[in-house]
Amino acid sequence: MNVTEIAVFVIYLIFMLSIGVYFFIKSRNGGEKTYFLGGRKMGPWVTALSAGASDMSAWVLMGLPTSIYALGLGQVWISVGLAVGYTISWLVEAPRLRRFSIVANDSITIPQYLTNRFLSKSRALQVICAAVFLIAYTIYSASSIKACGTLFNTVIGMPATTAMYLAAVIIIGYVSLGGFSAVCWTDFFQGMIMLGAMLIAPIFAATMLDASTVSAIPAEYWNPVSSWQDIVSGFGWGLGYFGMPHIIIRFMSLESQKSLKKSAKIGITWTVLIVIFAALIGIIGRMYLGYDETTYTDSLVFITMVRKIFPGLLSGILLSAVLAASMSTADSQLLAAASAFASDVYQPIIRKDKARDKEMLWAGRVVVLIIAICALMIAINPNAGSIMGLVSNAWGVFGAAFGPAILLSLFWKRFNFQGAVASILVGAIVDILWLQFLASTAIYEIIPGFFAGLIVGVIVSLATPAPGKDVEDLYDKAVEYDD
């Protein structure tokens, strides 16, 4: 146990909570739009780093480097796929999604946008989307909470379960208090910490390599083309960005199209650096530490490397990056799920559009609490799977379900409501069935799920009546919109 590391963690957690309190006081008179989307007033730096940090959870510091550490360069394709997918989402998807969400009745959630995009009075799409959100985000959040447990258990000896309860309480606290603004600003600071830690650790480790440890690595470790499945699946991870609600909601929150261009440059640069250094942590970690089964099993390569190289104060600051990565993703996921339930289920279906802003905010806060508790129950289950495994499952469902529908809604005027419903359902179902019955193919389930959703969305749209003139006019207005 290192007292200095503990002190750094405590200061860090207090700072995160203080941000939530600040935005609670600042925006307590704001409404639903302020709580769930920050009033569309987010600047480019906060938006870019928030989008990146909400994406790169603890798996980028623990799961991905450890996979490369143990399995070799064939796992580097995940980093390549993520960099490519994220870049395309900012350059191609982000500009249109922001414009379309404004024109589509100033939509503040992804389910709301997809419904308003087709001027539909049916709530089917919102309910389906909200159901997928609640299930997938619970699994995703569990991975972040589990990472916090592993960190505290390894560093200060706190029982992992106790640490998970503590992390959940902190995250629930600042999300419930400050809403979207608190989430974005905490993510901004957490993104800075993550980048700094991931730059420093492998560089210092590289200067301390031992020739005997390096020479002991088997030759097959260095083969980047261990199988075609690794390459295809690696690029498949990039498909997830087109349908990841807690990431693309940032595109909708930007204050202007001009800010979006600047934000894209910042966000793409940050993410490319993160995935490059995640790979380097795994590779240099293998050369520096040698292979250890416990390090692999518990995803400890980054934590072990930092604690072995740096003294208490610096290691505490660098290890705070794991907390940052865990919390920055969990908070975004909880808020996205809460906004989907409050805006897309509670208000239109349960309250029949009679709920006031204050009631909506409390409905969202209750959902944050419920999902966090369910995620905690998954995280403390020893049979729940690894951090990387939990993230992979949730990432696949989101990308396959929402990616095709959102892209088609932004770039195809003929796309209709029926096609959107079919695309989301088929994408999610194929992804889950592939995971359950065809995982032995070693093809990441997001790939068949994504393309099944894309194909079905096109077929159903062509087989059903075309959108009315009012929907086509909305599409044209969104394409031409400029602020």
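**View A. The buried residues of helix 18 in this predicted model.** Welcome to helix 18, where F417, G419, A420, V421, A422, S423, I424, G427, A428 and D431 are buried. What do these buried residues pack against? Their partners are helix 6 (110-117), helix 7 (124-156), helix 17 (387-411) and helix 19.

**View B. Helix 18 from end to end.** Helix 18 covers residues 417-437, a run of 21 residues. At 1.5 Å a residue it should span 30 Å, and because its end C-alpha atoms are 30 Å apart, the model agrees with that expectation. Now look at the start of the helix: a side-chain oxygen of N416 comes to within 3.4 Å of the backbone nitrogen of Q418.

**View C. The largest pocket and its lining.** This pocket has a volume of about 580 Å³. It is lined by 27 residues, and those closest to its centre are Q75, I78, W237, M388 and S392. Two or more lining residues come from each of helix 4 (63-71), helix 5 (76-103), helix 10 (228-239), helix 13 (293-297) and helix 17. Which helix gives the most to the lining? That is helix 10, with five residues.

Terms used. Residues numbered from 1 in each chain as written. Predicted model: local features only at pLDDT ≥ 70, side-chain atom pairs only at ≥ 80, totals over all residues. Heavy atoms only, no water. Helix = DSSP H or I, 4+ residues; strand = E, 2+ residues; numbered from the N terminus. Expected span 1.5 Å × (residues − 1). Buried < 20%, exposed > 50% of the residue type's maximum accessible area, 1.4 Å probe, protein only. Contact = heavy atoms within 4.5 Å. Polar contact = N/O pair within 3.5 Å; in protein donor to acceptor, adjacent residues only side chain to side chain. 1 Å grid on protein atoms, 1.4 Å probe; cavity = no way out; pocket = protein on both sides within 12 Å on 5 of 7 lines; lining within 4 Å. Points joined across faces, edges and corners; volume = space filled by probe spheres on them.
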